[in-house]
Each structure stands twice: as structure tokens, then as C-alpha cells.
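Subject: A structure for you to look at

Hi,

Here is the structure I promised to pass on. Please open it next to this email and follow along as you read.

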Amino acid sequence: MKAFITIFAALVLVGTVVAGKIHWNREAVNQSSHSAVAATEAGGTEEDSWKQHTANLPKAVVQKLEKAKTSGKPMKLVIVGSQATPEYSSAWPAKLEKALHKAYGQDAVDVKVLSYPDYTTLSFVEQDAYKDVVREKPDVLLFEPFLFNDNGVVGITHTLENLDVIMTDINKEVKGMVTILQPSQPIYHAVNYPKEEKELQAFAKEKGFEYANHWKAWPDAQSDKLLDYLSNEKRKPTQKGNDVWAKYLQTYFTGSK
């Protein structure tokens, strides 16, 4: 009798273990299935899930990212600008680079920053600084064309003439490059400067360049709140300014909020 009870208990134990194993396997399969569905909904297969980040990008940039993914050669993004486009680690270009690598992978995008403090569009032309851009051979150029430094010095008519010369020379040497123009930082209580920004935007449209208007993310130029986003001399952004600039571009380039 005792032997029968022992055998019966053993059978029950084995049955319990087997049933548990079957249940666990089913759950694992279900979980795997749910994960696959979620991945598909988020952006397709694992191989092309990066595409979910491209909703705000021009088609030409998406194509360059696709080429980078298939060829293994990174898309080169060259960021050019004034003292408002600095190279230190907490500035907006470095923050944008980090977001790009997170969204698309370390090997998909190569970022280079070329900063020209105190330059105007005129000095950029006179010193042939555009050749620095040509040497980098960018796939995508993100250009802050010294709008702040030109303000009250060069004049918007000459700014756009100089910019036309710069971009014509670069495009002669670098074929197939996508250009994205963006303004410098806003100016508190400015009168003519906002008009110049509008003219820069119109220039971009006329020439077929993309335009990233990060001013939309800043406090209104007539608001005292803007002062927290600009340095005392207002020539460059504070950390708050860098953060808001970076956040706008992160959304533009990667769809992140």
C-alpha cells in the first residue's frame, strides 16, 4: 500500500512538472509572438525599425540613411555655424549627435562640427572657409549661416548674396549633398532680426534647401523668459538655449519628443 502511494505521488509530481513545462513553453511562444507584433507595429522588422524615427525627415535624407544601413558606410552630417554652434559636450550639436546614434546606430551617422566664432557670411566667403566643408564631403549639411553675426553688420541683402556664393561653390564640389539651413539663436526684443529670419527662410525655399526653424521651440522674442536662454551678451545660447535648440533638432531628425 505504501509502495502504491509512493508511486502515485511520484506520478503526480512528474505530471505537475511536465504540465508546468508545457505552460511555460506556451507563455514563451506567446511572448515572442507579441514582441514580434510590437516590433512590426513600431517599424517593421528589426532590420528596418530605424525607419520609425524618420517621419520628420526629408525623403532625400531618409534615402541617405537607407544607403548607410545597406552599405555599412555612415551618412556624413556636417554641422556648420558660428559661436552659437559650439563643439563642447553639453552644446546642441553634441546632444544631436547622441540622439542620432541612439536612433540610427553608432555606425550609421558620422557627425562633424565646424564652428567659426565671430565669422560673418562675408568673412566666410573672403577666407574661403567653404573649402573646409568641401573637404569633409558631407552627405547632409546642417548650416547656421551667421545670421546673428551678420545682423546690423552685413545686412540681409548681402547675407543672402554671400550665402548664395557659398552654397553655389560647395554644391559644385559636393554632388548630391542635402542642405538644411537654420537660423542663429533669437534676439530679445529684436525689430529687424525676425524679418531677416523670414528672408532666410524664403531664400531656402527659393533655392530648394530644407529649413529647420528651431525658433518655434524658443520662448517668444518679446518675452522676458527668453533672457534665460541667452548669455549675458546674447551672442550665444545658455544651457537652456542649447537644450531647447537640441530638442527641436532631435525631434526633426529622430522623431523623439
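Below I go through the nonpolar cores, then the pockets, and then one threonine.

Before you start, please keep in mind that this is a predicted model.

A bit of background first: in soluble globular proteins, nonpolar side chains tend to be buried together. The largest nonpolar core here has 36 residues, and those with the most contacts inside it are Leu77, Tyr104, Val109, Leu142, Leu249 and Phe253. Several elements give two or more residues to this core, among them H2, E1, H3 and the strands E2 (109-115), E3 (140-143) and E4 (178-181). The largest share, seven residues, comes from H9.

**The pockets**

How is empty space found? Rolling a probe the size of a water molecule over the atoms shows where empty space is left.

The largest pocket has a volume of about 350 Å³. Its lining is made up of 16 residues, and Lys67, Lys73, Pro74, Lys76 and Asp139 lie nearest the centre. Helix H2 (59-71) and strand E1 (75-81) each supply at least two of the lining residues, with H2 giving the largest share, four residues. By type, the lining divides into eight charged, six nonpolar and two polar residues.

The second largest pocket holds about 170 Å³ of space. Around it you will find His53, Lys95, Lys98, Ala99, Lys102, Ala103, Gln250, Thr254 and Ser256. Helix H3 (92-104) and helix H9 (239-254) are the elements that give two or more residues to this lining, and H3 gives the most, with five.

**One threonine**

Last, have a look at Thr159, which lies in helix H7 (residues 156-173). Is Thr159 buried or exposed? Thr159 counts as buried because its relative accessibility is 2%, and the cut-off for buried is under 20%. Not counting residues up to four places away in sequence, Thr159 touches Thr121, Asp150 and Val154.

Enjoy exploring, and write back with any questions.

Best wishes

Definitions and conventions
Residues numbered from 1 in each chain as written. Predicted model: local features only at pLDDT ≥ 70, side-chain atom pairs only at ≥ 80, totals over all residues. Heavy atoms only, no water. Buried < 20%, exposed > 50% of the residue type's maximum accessible area, 1.4 Å probe, protein only. Contact = heavy atoms within 4.5 Å. 1 Å grid on protein atoms, 1.4 Å probe; cavity = no way out; pocket = protein on both sides within 12 Å on 5 of 7 lines; lining within 4 Å. Points joined across faces, edges and corners; volume = space filled by probe spheres on them. Nonpolar A, V, L, I, M, F, W, Y, C, P; charged D, E, K, R; others polar. Core = buried A, V, L, I, M, F, W, Y, C linked by side-chain atoms within 4.5 Å.
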